[in-house]
Amino acid sequence: MTITKPFSFLLGALMVLALHDTPALAAHTPSADPAEVQAVTEQFATDLAKGDLQAISRLYTDDASLLPPNAAAVSGRAAILAYFEKTLRPDLIGGARFDHYEIYAGPEAATSISQIRMLDRNGRVVERGRQIIILLKQGGKWKIHRDMWSDTSSTATNNR
């Protein structure tokens, strides 16, 4: 009992100290520039408009995963490229527009939420949806680690 009481007091004091210093530590932790995180998605759109699926695949980490709607996960950069070669063929898709961003970024990981419109070669919207990507900083660059999206094309609120 005599050992437990001093140990409890020490543990309590350490917790108070840790909680007291947490805001100070958080204030000194650098967070990412949201524009840098958003730039990855915008690069995706630029590369898609060029039909450069190889460049798009390089935006992903080596062990990235796509989580497409109503389909199995696609894991690894090579598998992601193969998936995009089937679904983002330049004869089907002419580009993409992303907007309404929400970005939550720390120094090494970030989450980007956006609305997406997929376009045909004539610039007409062929699909609407929402996207959530998790990015990791690797080699000083943001890379997409997880990519999940939904197709909201048939919902009345997005077809106005």
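I began with R117, which forms a salt bridge with D99 (a side-chain nitrogen of Lys or Arg within 4 Å of a carboxyl oxygen of Asp or Glu). Their closest N and O atoms are 3.1 Å apart. The pair links distant parts of the chain: R117 sits in strand β4 and D99 in strand β3 (residues 95-105), 18 residues apart. Strands here are DSSP runs of E, at least two residues, and helices are runs of H or I, at least four, numbered from the N terminus.

I noted that this is a predicted model, where local features need pLDDT of at least 70 and side-chain atom pairs pLDDT 80 or more, while totals for chains, interfaces and linings use all residues. Residues count from 1 along each chain as its sequence is written, and side-chain values use heavy atoms, without hydrogens and water.

Next I checked exposure: buried means under 20% relative accessible area, exposed over 50%, partly exposed in between (1.4 Å probe, protein chains only). R117 is partly exposed at 29%. D99 is also partly exposed, at 23%.

I then looked up D120, which forms a salt bridge with R124, closest N and O atoms 3.1 Å apart. D120 is buried at 13%, whereas R124 is exposed at 51%.

R89 and D91 meet in a salt bridge too, at 2.8 Å, N to O. R89 is partly exposed at 34%; D91 is exposed at 53%. My search of the whole structure found 5 salt bridges.
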